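User: Can you walk me through this model? I'd like to go strand by strand, then look at the chain contact.

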2 protein chains.
Amino acid sequence: MTDHHATVTTYWASAEARDWDTFASVLADDVRYDLPQTHERIAGRDHYLTFNREYPGDWHLAVAEVLVDGDRAVSRVAFTVDGATQQAVTFFGFAADGRIATVLDFWPEPYEAPPGRAHLTEPMT
Amino acid sequence: MTDHHATVTTYWASAEARDWDTFASVLADDVRYDLPQTHERIAGRDHYLTFNREYPGDWHLAVAEVLVDGDRAVSRVAFTVDGATQQAVTFFGFAADGRIATVLDFWPEPYEAPPGRAHLTEPMT
């Protein structure tokens, strides 16, 4: 029995620390990263490590919550780059040895509120 | 002990069926809906019901997965409107009686893949 909550916490803490050895230690060799918004896939730990190491900008992250249900987990993380903050939502699947086997990543960007519903809404605080 | 997984399943099934009485039955009176991408908030069951009933388009949904961890849940749902499909990710909090008290909704839209990483990626299948 592995602790997926601890694995996801280590994943994000090591990314924030740029501790790529620890980051690699929680990834399966054949980890698969999927980004449905761009239809990009990254296959394998080497490519995925390079992708993260080379990700541009002075980014920092804070984990808002992690949910684990059986062999699935999800995190909600606030990313700050150059003063702008955006939330990311990431679903994780795990290999039998507890390492991360799949990463399904969503980056919801701000958009203009559609017209016709202002009578139902108020500003989010 | 309430079954949050069943509650979330009922929430989506009743929305798809436009069965607004059942949909209302799983919502707390003071349910709060937050949409961080537009900074909109909807407060209270009446407003939230109206928002959903009046949501434009011939939308249909299919639940991809539901995760429950303690008093939090998250769903990933494929929405189809007029032939276009988009995934929505929704976090749920619950009142003491098991009804849904908070809905935190993300609608990640497609965007162009940034340059400089094509050597690491392949098309997602």
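**Strands, salt bridges and the chain contact**

Analyst: Start in β6(A), where V103(A) is the bridge partner of Y33(A). Helices (H or I, at least four residues) and strands (E, at least two) are DSSP runs, numbered from the N terminus. This is a predicted model: local features need pLDDT of at least 70, side-chain atom pairs count only at pLDDT 80 or more, and totals for chains, interfaces and linings use all residues. Residues are numbered from 1 along each chain as its sequence is written, chains are lettered from A and ligands numbered from 1 in the order in which they are written, and side-chain values use heavy atoms, with hydrogens and water left out.

User: Which sense does β1 of chain A take against β6(A), parallel or antiparallel?

Analyst: Parallel, over four bridges. Strand β1 of chain A covers residues 27-35. Two strands count as paired if DSSP finds at least two bridges between them.

User: And how many bridges join β5 of chain A to β6(A)?

Analyst: Six, and the two strands run antiparallel. β5 of chain A spans residues 84-94. In β6(A), F106(A) is the bridge partner of V89(A).

User: What does G98(A) do in that hairpin?

Analyst: G98(A) takes a positive phi near 95 degrees. The hairpin of β5(A) and β6(A) has five residues between the strands.

User: How many residues of β6(A) are buried?

Analyst: Six of the seven, so β6(A) is largely enclosed by the rest of the structure. Buried means under 20% relative accessible area, exposed over 50%, and partly exposed in between (1.4 Å probe, protein chains only).

User: Switching to the helix. Where is A15(A)?

Analyst: In helix α1 of chain A, residues 4-16. A15(A) counts as buried, at 3% relative accessibility.

User: What is A15(A) in contact with, beyond its sequence neighbours?

Analyst: Leaving aside neighbours within four places in sequence, A15(A) contacts W20(A), F23(A), W59(A) and L61(A). Contact means heavy atoms within 4.5 Å.

User: Salt bridges next. How many over all chains?

Analyst: The structure holds 18. A salt bridge is a side-chain nitrogen of Lys or Arg within 4 Å of a carboxyl oxygen of Asp or Glu. Within chain A, R76(A) forms one with E65(A), and the closest N and O atoms are 3.0 Å apart. R76(A) lies in strand β4 (residues 72-81) and E65(A) in strand β3 (residues 59-69) of chain A, so the pair ties together parts that are eleven residues apart in sequence.

User: Are those two buried or exposed?

Analyst: R76(A) is buried at 13% relative accessibility. E65(A) is buried at 12%.

User: Which residues of chain A form a network of salt bridges?

Analyst: D29(A), R45(A), D97(A) and R99(A) are linked that way.

User: Now the contact between the chains. How many residues does it take from each?

Analyst: It takes 45 residues from chain B and 45 residues from chain A. The area buried between them is about 4,200 Å², and carbon and sulfur atoms give 60% of that. Buried area is the accessible area (1.4 Å probe) that two parts lose on being put together, summed over both. Y111(B), L120(B) and M124(B) supply 18% of what chain B buries against chain A, more than any other three residues.

User: How many salt bridges are there between chain B and chain A?

Analyst: Four. In one, the side chains of E65(B) and R72(A) meet at 2.6 Å, N to O. E65(B) is buried at 12% relative accessibility, whereas R72(A) is partly exposed at 24%. In another, E40(B) pairs with R117(A), the closest N and O atoms being 2.5 Å apart. E40(B) lies in strand β2 of chain B and R117(A) in the loop between β6 (100-106) and β7 of chain A, so this pair joins two chains. Both E40(B) and R117(A) are buried.

User: Which strand of chain A bridges to β2(B)?

Analyst: β7 of chain A, residues 122-123, by two bridges. The strands run antiparallel. R41(B) in β2(B) is the bridge partner of E122(A).
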